[in-house]
Amino acid sequence: MSIGLVFFLLIVWETGARLYGKPFILPSPVDILVRLWELRDILFINHLPATLAVILMGLFLSLVFGAGLSIWMHESGIVRKAFFPLVIASQTIPVIALAPIFVLWFGYSIWSKVVVTVLITFFPVTVNTFDGLRSADPHLKEMLQTMGASKRQIFLKVELPSALPHFFSGLKVAVTLSVIGAAIGEWLGADSGLGYFSRRMMTQFDGAGVFAPIVLLSLLGIALFLLVRILEKIMMKWRNVN
């Protein structure tokens, strides 16, 4: 059903672009695919690895600090009251307004893009993991406590399994947002990457060239999402993940 809808929308897009007749503004899907093939070497060899490095580094830092902070907030009420409002407030700031500031701080290095990616992906990982830890069955925890289980054992046997589904839900959101974060960072200040290349093509009024790296970004986001789904099924065989 969804595949048929996609094909229908592509046909409508192709027809509309042909009728409009201005490919530098609205290129057709066929034009984009042709341009993607023409630019395959520079996109896949030069710019895709740069964007992928930003995404992976940003996701890694978000996972480490997001999961770590969620556990810390779960274990300490003081930490929760101090940091949770800051985590929420971080999402009220328009990232696109901060990106130029990060470029001033870090220059055109990879870190300006990584910081933007972390700022976007940190929130879903932190909040979902924190909610998962808090959703652990209190009766099961009390039973283990009466049986002499340590705090560490309760965390590993009850709280961590309870948090895993929430963690992966947040991670699936984060991997798609990481592509957006990397593209925004590269669009506003970079000398390589798919977002940078798309902006460069825009200055040349190359509509198909603008869309070609965007197609790659979309495919990259889908691939990362499917990879997380596979990892989720492997790590959570005890739960029926469809």
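I started with H3 (residues 40-75) and H8 (residues 151-188) in this predicted model. Their axes are 8 Å apart, and the packing angle is about 145 degrees. I looked up the handedness too: H3 and H8 cross in a right-handed way.

Next I listed who touches whom. From H3 the contact takes Ala-50, Thr-51, Val-54, Ile-55, Leu-59, Leu-63, Ile-71, His-74 and Glu-75. H8 answers with Lys-151, Phe-155, Glu-159, Phe-167, Leu-171, Ala-174, Val-175, Ser-178, Val-179, Ala-182 and Glu-186. Sorted by class, I get 13 nonpolar, 3 polar and 4 charged residues for H3 with H8.

On the H8 side I noted Phe-168, Leu-171, Lys-172, Val-175, Thr-176, Ser-178, Val-179 and Ala-183. On the H10 side I noted Leu-217, Gly-221, Leu-224, Phe-225, Val-228, Arg-229, Leu-231, Glu-232 and Met-235.

Then I followed H10 to another partner. How do H2 (residues 29-38) and H10 cross? Their axes come within 8 Å, and the angle is roughly 80 degrees. Angles of 65 to 115 count as roughly perpendicular, so that is what H2 is to H10. H2 brings Asp-31, Ile-32, Arg-35 and Leu-36 to the contact, while H10 brings Ala-208, Gly-209, Phe-211, Ala-212, Val-215 and Leu-216. By class I have 7 nonpolar, 1 polar and 2 charged for H2 with H10.

Stepping back to the whole chain, I count 10 helices and 0 strands. The C-alpha atoms fill a box of roughly 75 × 45 × 30 Å along the principal axes.

How much should I trust the coordinates? Mean pLDDT is 86, with 98% of the residues at 70 or more. Which element has the lowest mean pLDDT? That is H5 (residues 95-106) at 77, whereas H3 has the highest, 92. A reminder to myself: where pLDDT is low, the predicted coordinates should not be read in detail.

Last, the annotations. The unreviewed UniProt entry gives "domain: ABC transmembrane type-1" for residues 48-228. I looked at that span in the model: it is 87% helix and 0% strand, with its end C-alpha atoms 20 Å apart. UniProt (unreviewed entry) also lists "transmembrane region" for residues 45-71, 83-108, 114-133, 167-190 and 210-231. I checked two of these. Residues 45-71 are 100% helix and 0% strand, with 39 Å between the end C-alpha atoms. Residues 210-231 come out at 100% helix and 0% strand, with the end C-alpha atoms 33 Å apart.

Key
Residues are numbered from 1 along each chain as its sequence is written. This is a predicted model: local features need pLDDT of at least 70, side-chain atom pairs count only at pLDDT 80 or more; totals for chains, interfaces and linings use all residues. Side-chain values use heavy atoms; hydrogens and water are left out. Axes are lines fitted to C-alpha atoms, for helices over the stretch in contact, and angles run from 0 to 180 degrees between N-to-C directions. Helices (H or I, at least four residues) and strands (E, at least two) are DSSP runs, numbered from the N terminus. A crossing is left-handed if the near helix is turned anticlockwise from the far one by less than a right angle, and right-handed if clockwise. Contact means heavy atoms within 4.5 Å. Ala, Val, Leu, Ile, Met, Phe, Trp, Tyr, Cys and Pro count as nonpolar, Asp, Glu, Lys and Arg as charged, and the others, Gly among them, as polar. UniProt positions are given in the numbering used here, feature names are shortened, and annotations may be inferred rather than shown by experiment. pLDDT is the predictor's confidence in each residue, from 0 to 100. Angles under 35 degrees count as roughly parallel, over 145 as roughly antiparallel, 65 to 115 as roughly perpendicular and the rest as oblique.
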